[in-house]
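I opened a new page for this chain. Below are my notes, in the order in which I looked things up.

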Amino acid sequence: MSADTMRAVVQDTFGGPEVLRVAEVPRPQPLPTEVLVRVHAAGINPVDWKTRGGTGMAGLLGEPPFTLGWDVSGVVEEVGFGVTTLEVGDEVYGMPWFPRVANAYAEYVTAPARQFARKPATLDHVHAAAVPLAALTAWQAVVDTAHVQAGQRVLITAAAGGVGHFAVQFARHLGAHVIATASAARHPWLKELGANRSIDYTTTRFEDAAADIDIVIDLVGDAHDLTSTRSLKVLRPGGLLVAIPQGVSPELAQAADAAGVRVTAFLVEPDGAALTAIAGLIDAGEVAVEVEQTFPLEQAGAAHARGEAGRTRGKLVLTSTN
C-alpha cells in the first residue's frame, strides 16, 4: 500500500457476516475543522450488524459499497485548518458522524475534531474503542433524557450488554436504585457494577418482580417479547420509558397514554463534551469498561457472527495493525 491508501473492511452487498472483506481503499484527508485519526481499535455494536444486513442505519447510508463502524480509538495524525482543541499525537476516542457513514472499520478516519475527545488515560485503545457509542447511548439516555436523580428507581433491560453495563454504572453514580435484567450468570458482575438487584429474565417476567419504577431504560424493544410494552406495567404514574432499539410505535404511545406514563424514543448522537466527562469517570475508577473479545480487521465477519449470537458480556472490538 502507498501513503495514499489504507486497509478497510468493505461490503459490496447487504447480507450475512460473509459479505465483509478487507480491501485497499483511498486514505481520507481532513477538511478544515477535521482531524485524521490513525485507528488502533474500532468497537462493534448491534447497529453495525443490523446495518450490514440491510436494517439499522442502512436506510440512511443507502446501497453498498460502504464501510461500517462508528466507534474508534486512535492517535491524531493530521489536523485540518482551524482545529484548536486537538494536536498531532493526541490519543483520542469518539463516535464520529453517527448516524452517517464514518468508516471506522479502517486504518484511518476523518471527522470534525469536536466529535472526538482525549481517550481515558487509564484505558488502552482496545478498551477505549469499546466506550463511545455504548457509553454515549447510556449517558444521553440516563443523564440527558431521563434526568435520573438520586433515590429514583431505575430498571435497565439487557443490562449486561454494551449499553446496559454503562447505563447501570451511570444510574448508580447518580444515586439511583438500579434494577437490572440479565441471565443469572451475569448477576454477580452486575452487582459489582452497582446494580442493587438483578432479575433473571430467563426464569422470571420482570413485570412480576418489579414495581413502582420511576424510569425504564429499555434496551430490548417490542420486537423481542414486547419488552417495551411490558415495561409500562412496572412504571409508577408519570414514570418514563426510554425506548431505545425500536423507538415508539403508535401502539406503544397509545398504551403509555392509557397507563398514565410517559414514553420517548431515543437515538444517540456524537458528543465530544460528554466523552470528556465519561473519560473523567473512567479515570477516577467510577466506571469500568468490559471487552469480551477482540478480532483483527480480517476477522470482522467472525466478530459480527459472535455479536449476533447474543449473550455478549460488554463489547467486541476490532484491532488494526497499521
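Which backbone oxygen does the side chain of Thr 67 reach? I found that of Val 9, at 3.0 Å. I note here that the model is predicted.

**Entry on Thr 67.** I placed Thr 67 in the loop between α2 (58-61) and β4 (72-79). Its relative accessible area is 9%, and under 20% means buried, so I wrote Thr 67 down as buried. Not counting residues up to four places away in sequence, I listed Ala 8, Val 9, Val 10, Val 101, Asn 103, Ala 104 and Tyr 105 as what Thr 67 touches.

**Entry on Asn 45.** I then went to the loop between β3 (34-44) and α1 (46-52), where Asn 45 has its place. Asn 45 is buried, with a relative accessible area of 3%. I looked for a partner and found a polar contact of 3.0 Å between the side chains of Asn 45 and Asp 71. With neighbours within four places in sequence left aside, Asn 45 is in contact with Asp 71, Leu 133, Ala 134 and Lys 315.

**Entry on Leu 86.** I found Leu 86 in the loop between β4 and β5 (91-94). Leu 86 counts as buried, at 5% relative accessibility. I set aside its neighbours within four places in sequence and noted contacts with Val 35, Val 76, Val 79, Val 92, Ala 113, Phe 116 and Arg 118. I also looked up the distance to Gln 299, which is 213 residues from Leu 86 along the chain. Their C-alpha atoms are separated by 32 Å.

**Entry on the cores.** In soluble globular proteins, nonpolar side chains tend to be buried together. I looked up the largest nonpolar core and found 91 residues in it. Ile 156, Phe 170 and Ile 217 touch the most other members. Helix α4 (residues 132-145) supplies the largest share of this core, eight residues. Apart from this core lies another, of 15 residues, which include Val 216, Leu 235, Leu 252 and Ala 256.

I took Ile 217 for a closer look. Not counting residues up to four places away in sequence, Ile 217 touches Ala 141, Val 142, Ala 146, Val 154, Leu 155, Ile 156, Thr 157, Val 242 and Ile 244.

I looked up the second largest pocket, which holds about 170 Å³ of space. It is lined by 13 residues, and Met 6, Val 25, Pro 26, Pro 28 and Asn 103 are the closest to its centre. β1 (5-10), β2 (21-26) and β6 (108-112) each supply at least two residues of this lining. β6 gives the most, with three residues. I sorted the lining into 10 nonpolar, three polar and no charged residues.

**Entry on the backbone.** Which residues are joined by a cis peptide bond with omega of about 15°? I found Pro 64 and Pro 65, with Pro 65 in the loop between α2 and β4. The peptide bond from Phe 98 to Pro 99 is also cis, with omega near 5°. Pro 99 has its place in the loop between β5 and β6.

Thr 33 has phi near 75° and sits in the loop between β2 and β3. Thr 33 is partly exposed, with a relative accessible area of 47%. Asp 225 has a positive phi of about 60°, in the loop between β11 (213-218) and α8 (227-231). Asp 225 counts as partly exposed, at 47% relative accessibility.

Note on methods: Residues numbered from 1 in each chain as written. Predicted model: local features only at pLDDT ≥ 70, side-chain atom pairs only at ≥ 80, totals over all residues. Heavy atoms only, no water. Core = buried A, V, L, I, M, F, W, Y, C linked by side-chain atoms within 4.5 Å. Buried < 20%, exposed > 50% of the residue type's maximum accessible area, 1.4 Å probe, protein only. Helix = DSSP H or I, 4+ residues; strand = E, 2+ residues; numbered from the N terminus. Contact = heavy atoms within 4.5 Å. Polar contact = N/O pair within 3.5 Å; in protein donor to acceptor, adjacent residues only side chain to side chain. 1 Å grid on protein atoms, 1.4 Å probe; cavity = no way out; pocket = protein on both sides within 12 Å on 5 of 7 lines; lining within 4 Å. Points joined across faces, edges and corners; volume = space filled by probe spheres on them. Nonpolar A, V, L, I, M, F, W, Y, C, P; charged D, E, K, R; others polar.
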